[in-house]
Amino acid sequence: MNRLLVKSQDTIQKTVENLNQDLKRRIIASPPGQCPVDLTASFLRLCHSQSCGKCAPCRVGLGQLQIMIDEILNIDSESSMEELYLLEKTAEAISVTADCAIGSEAAKMVVRAIRGYKEDFESHIKNHTCTDRLNDRSQPVPCVAMCPAGVDVPGYLALVKEQRYGDAVKLIRKDNPFPTVCALICEHPCELRCRRTLIDAPVNIRGLKRFAVDHCGDVPVPKKMDKTGKKVAIIGGGPSGLSAAYFLSIMGHEVTVFEKRAQLGGMLRYGIPNYRLPRERLQWDIDAILSTGVTVRLGCDVSTPEAMAEIRDDYDATYISIGSHNAKDIGIPGEYAKGVIPAVEMLRGIGDDAMPDFNGKAVVVIGGGNVAMDVARTAKRLGASDVSIVYRRRRMDMTALPDEIEGAVAEGCNLVQLMAPSWIETNKKGEVKALWVKPQIAGQADRSGRPKPVDSTTEEQKLRCDIIISAIGQATDIRFFEEYGIPVFRGNIQAEKSSVIDNVMGTYAGGDCVTGPSTVINAIGAGKVAAANIDEFLGFHHEIQVDVEIPLPEPTDNLPCGRAELKERYAKHRGNDFDEVEQGMTLEEALQEASRCLRCDYHGFGSFRGGRDTKW
């Protein structure tokens, strides 16, 4: 008799593994607008099926939780708030008594669900239905719902497939006046819940947008509506302010943008290097916005009583979108030494073509976000002999996009992980000599879900360098606005979701100065919201729409098909200049990629709810 056998998966186990992969893709593609209570019940059943049955809290308890939630969801039975209380207490008990993570984590999930969306449970108990929040627009098109600006993604993908690139750009501009900028640098949240993931991988939405803007030619902006006689002041010429200016100008209002810097664009110009966003591509979008009749006052600092008095007296409404352009302190000894440069100041200078001299110098970048990757890659292009990125967490915990991290590594930047800056050593002239770092270990997870770095017992280490670039975050300069009476909370302007500032008549705010440093598409979405609500405040109800006919979907078998990825120039070539790194798709790739779209605007709940939003 043989004592041991070589382990191998049988047919059943292989099939189960494939089903697990299908389930994983389904979870990733879970669309917004689902009933969270029903989703909790479904996950609970899955967890219960994984139970070994050894301990009663898991074997019996999870089953009881299922019964309780099913009773709450059952429209033919009456439930009470006492049952919701019992559900929570039972889940809490299971979470601390189950023998293994299968039972305890499933119970914790139920507790988090009750505390996270208690009103949904209450709605099912009291009204036998989902909340109005879901009933009003249940199961929307995922990519449109995930886009902060609400861009009609399936519509412009269908137009790209028909090779109607100009119409695709027109459709994008209905909601987003920066089609080129977003085609190059958007973090594409629209792809997060793409239903194509159920089959293989999400559609390369940003790549197809890029193909459209690369081949659209000159696309005129919409015709302006009749003049209203109303004047609107926009404080800040970044993506949020210019978006609001674009829509308000089309609506017929007289719009003036007050910009402190020498050029428009905000962080698009003063925070994103040319190799990611070429200045001429940015200018194409800005020129289109200005062509609607927007007036611009460059080099105009409004943080004086005289300037604010002029705006208050001469304008009917004001939108504040000043962005977050101030650097945060590192908080370690020596941070004000010669050679310590805030990332935002470095990128701001480069935006005005003032290039620092890093030739032959060793550079250390502190931070793990996109800005840290930008300045590290920029330092390499400016001739730095060595560039190291110091981060107190692990690479997988970095907030930078994976593509940005990979790009920095490919171009020769060193990732120094789990190292916290301790102090900066200087020479007799007060110049940077080295950065001392304290080794860390990954501890328990914090509120963000990432392991919190904790000091290890290992001794501090020395990183020799000539330049230290701080990229640990940005802050908003709101001191003057606070003195002027604008409400402030935790370093940002306090505004409602409608962008209105309470108790300050006719004043609105949005973008980074309200949310803190965020993404370009979030800023654009805030500008769109502000424009709509300012228009209402001024006594109008102008509707933004576009006269573009969307092609009908073609019959398809939706067979698995590879995703077309955007290519990049070779690292050894691109790391020596500021020319654009990324390359667009070929026509063949674009047409195949556009055909992968499942057209959720026509298929599924998207069509049941009246189809697409053709105006706002």
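**Exercise 1.** What covers the buried residues of H17?

*Solution.* Keep in mind that this is a predicted model.
- Start by finding helix H17, which spans residues 343-351.
- Next, look at its cover: seven of the nine residues are buried, namely Ala343, Val344, Met346, Leu347, Arg348, Ile350 and Gly351.
- Now look around them. The cover includes helices H14 (267-270) and H18 (370-381), together with strands E5, E6 (340-342), E14 (467-470) and E15 (474-475).
- Finally, step just past the helix, where Asp353 has a positive phi of about 65°.

**Exercise 2.** Find the residues that touch the most other members of the largest nonpolar core.

*Solution.* 
- The largest nonpolar core has 75 residues, and Tyr156, Phe178, Ile234 and Leu268 touch the most other members.
- Another core lies apart from it, with 29 residues, among them Tyr275, Met346, Leu347 and Met398.
- For the wider picture, nonpolar side chains in soluble globular proteins tend to be buried together.

**Exercise 3.** Is Ser321 buried or exposed, and which residues does Ser321 touch?

*Solution.* 
- Locate Ser321 in the loop between strand E4 (317-320) and strand E5 (326-327).
- Its relative accessible area is 7%; buried means under 20%, so Ser321 is buried.
- Leaving out residues up to four places away in sequence, Ser321 touches Ile234, Ile235, Gly236, Ser240, Gly241, Gly510 and Cys513.
- With Gly241 there is a polar approach: a polar atom of the Ser321 side chain lies 3.3 Å from the backbone nitrogen of Gly241.

**Exercise 4.** Which parts of the chain does the salt bridge between Arg206 and Glu582 tie together?

*Solution.* 
- The two side chains of Arg206 and Glu582 meet at 2.8 Å, N to O.
- Arg206 sits in helix H12 (residues 205-215) and Glu582 in strand E20 (residues 582-583), so the pair joins parts that are 376 residues apart in sequence.
- Both Arg206 and Glu582 are buried.

**Exercise 5.** Which side chains meet Glu411 in a salt bridge?

*Solution.* 
- One is Arg377, at 2.7 Å, N to O.
- This pair links the loop between helix H19 (402-410) and strand E9 (414-416), where Glu411 lies, to helix H18.
- Another is Arg574, at 2.6 Å, N to O.
- Arg574 belongs to helix H23 (residues 571-574), 163 residues from Glu411.
- Zooming out, Glu411, Arg377 and Arg574 belong to a network of salt bridges that also links Arg276, Asp374, Arg381, Glu404 and Glu568.

Key:
Residues are numbered from 1 along each chain as its sequence is written. This is a predicted model: local features need pLDDT of at least 70, side-chain atom pairs count only at pLDDT 80 or more; totals for chains, interfaces and linings use all residues. Side-chain values use heavy atoms; hydrogens and water are left out. Helices (H or I, at least four residues) and strands (E, at least two) are DSSP runs, numbered from the N terminus. Buried means under 20% relative accessible area, exposed over 50%, partly exposed in between (1.4 Å probe, protein chains only). A polar contact is a pair of N or O atoms within 3.5 Å; within protein, one must be able to donate a hydrogen and the other to accept it, and residues adjacent in sequence count only if both atoms are side-chain atoms. Contact means heavy atoms within 4.5 Å. A nonpolar core is a set of buried Ala, Val, Leu, Ile, Met, Phe, Trp, Tyr and Cys residues joined through side-chain atoms within 4.5 Å. A salt bridge is a side-chain nitrogen of Lys or Arg within 4 Å of a carboxyl oxygen of Asp or Glu.
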